[in-house]
Amino acid sequence: MTKSGAPSPWRDPVVLLAVPAVLYISIVYGFPLLWLLLKSFSGPTGPTVQPYIAFMSDPFNWRVIGNTLRIGLWVTVVCFIIGYPAAFALARAGAVMQIIMLVSIILPLSIGAVVKAFAWQIVLRRDGVVSQLLVGVGIWDEPQRLLFTEAGLVLGAANIFLPFMILPIYSVVKLIDPRLSEAGATLGATPLYRFTRVTLPLTLPGVVSGIAFVFSMSVSMFVIPSLLIGDRFQTLSTLTGRSFLLMRNEQLGSTTAVILLVLAVSIVVFSTWLARRLGGST
Amino acid sequence: MIKSKAIVLNRRAVLAAAAGAATVALAAPRIVRAQSKELVVGGAASHKNFVETVIAPVVEKKYSCKIVFEGTRSLVNLEKMQKNKDKQYLSIVMMDDPVMIPAVTEGLLEKLTPAKVPNLATLKPGTVHMDGMWCNYLQPWLGIAYNPKVMKTAPTSWAEIYDPKHKGRIILPSLQNTEGLANLFIASFLATGKPMAEAAKDIDAGFKKLVTLKPNLLTAYTQMPQAYNLLEQGEGFMISSAISQVALERKGTGAPVDIAAPKEGIFSMPSGVALVKGAPQPELAAAFINEMIGTEVQTKLSAATFSLPTNKDAPVPAGMPTGVTIHPTDWQAVAAGRADWVKRWDRDMAM
């Protein structure tokens, strides 16, 4: 729907502003990715899909894919449940409070994942804070260990990725005029109706970016699972890491890396599409 | 115009000066090198300290030469030799035994002979490999590390970790870590009762036994600091198949860690040294290895690294196990089977 007389987007000189980014991404990301793709399809005698067939025909590898997606999904769900209301609180807070909240969300990002994972290791121990708390309030009868369990991994990873859910939602919520909801109320809409019909659709773009960030980071995390759940729980990225670093099996490594990439990209694309369907134009 | 000419001149001058400086910088080390014999030793980054403080001073004094140590990883050393096959600059490589095998296959190593390295004759049996292609200069040993605060009596047998009372308290190295391999051999030994050398071949029996350890497992680690962290905090009670060097270093800093040598015997970690084929200073390189496995260096080296000497005549340092069988590892079998073993480990040991 370009207005007649408006410059074609390709002739618009503003497009040139993207040149440095495009160059940078192509060199450090695009070409290596292409190389990885080619590697995964190249056999000793020429192009082949054999590595994929071999990978997919092993039931253990389906378990690995299942592990990867399940953990990614849980981390995203936990981040969303905690992050969505937090983004509203952040957007609607007063100036000073907002600064304090932003700093407390952004500052932890400067601490490396390794340090945080080590800290979680202490928190999730049998005599750690979580276990003591749950025994204290009577949910557990005796101290239990959350470390090296899937629940522990989800808790730890959600903590590390939470800012990537809050910040995109916050940036959208900030732009929503609070009077929209009030207008709905004056017209007799219930709070639930106002939320589902006004607020939620307006925040969907932020939610989709948050989900895309958190999901793609949690399916590809490597250090966090190796510290919080160990070698007995393989995911696609730990398998990729091991193939390259230990087994020197570049083909297996490239195959698992491509599968991970395809899975992550398709889920992100699908969720964006779904959000557009649900929320109209986003 | 004058200004721009001046700039051109300046640029030329700068270029000329830079080229001159580069020539001097490149030529200088050669001149220096020509003045004294220099021997380049490739090894692991963690070897740097003992090579430079224990081995190099002895060799440098005796042969009036200079030892240059390049610390990296075994596989990188292998790549360095592969890439410089026609013009090697490393004279000696210190690498993990499993990495020595491809180096031998590719013809990168020069055989050690008693004529070149007389001290070879003084080495313990099982420490000279593939007919002299490389030898072991140390035996860091594998035992059971434990936390003496939670384990009032030290473990005496490898079977101890299977005791149901240690539910969720045992830490194993992943099979992808070299120190993890011993657990597989011991498991087979415990299950079959065969002599260790034979049991180590029965990998299937080993896995079947290892699987029964799952209820007792706290975790299988790939990052060693994490394992020690868990042990020292008391979340884990024992690390089965722990490296003496690491455990005793932690103990030395006052951490609640000790290591026991079980009655069934202990294993040694890889620690190979070899001559690079077609390398500079071959006589000096042979002399370096000869000193390295000689009594004087071995005595100092084993104490400094909490390991066992490979030289029969060197005394076992205080605090090290004596009279315990040291089971050799068949690294060729490891190299051939490891990828499949790791695959099976993933499947059998998964949570």
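Helices here are DSSP runs of H or I with at least four residues, and strands are runs of E with at least two. Keep that in mind for the counts. One caution: this is a predicted model.

Chain B to start. It holds 12 helices and 14 strands. The chain has 351 residues, and 43% of them count as buried. Now the contacts in chain B with a separation of 6 or more. Residues 24 or more positions apart account for 74% of those.

Let's zoom in on one helix, α8 of chain B, residues 224-232. Which of its residues are buried? Gln226(B), Ala227(B), Tyr228(B), Leu230(B) and Leu231(B).

Over to chain A, and a helix pair. Two packed helices are described by the angle between their axes and the distance between the axes. The pair is α3(A), residues 59-92, and α7(A), residues 150-173. Their axes come within 6 Å. They cross at roughly 40°. Roughly parallel would need an angle under 35 degrees, and roughly perpendicular starts at 65. So α3(A) and α7(A) are oblique to each other. Which hand does the crossing have? Right-handed. And what is in the contact, by class? Between α3(A) and α7(A) there are 24 nonpolar residues, one polar and one charged.

Key:
Residues numbered from 1 in each chain as written. Chains lettered and ligands numbered in written order. Predicted model: local features only at pLDDT ≥ 70, side-chain atom pairs only at ≥ 80, totals over all residues. Buried ≥ 20, exposed ≤ 12 C-beta atoms within 10 Å, placed from the backbone. Contact = placed C-beta atoms within 7 Å. Axes fitted to C-alpha atoms, helices over the stretch in contact; angles between N-to-C directions. Parallel < 35°, antiparallel > 145°, perpendicular 65-115°, else oblique. Left-handed = near helix turned anticlockwise from the far one by under 90°. Nonpolar A, V, L, I, M, F, W, Y, C, P; charged D, E, K, R; others polar.
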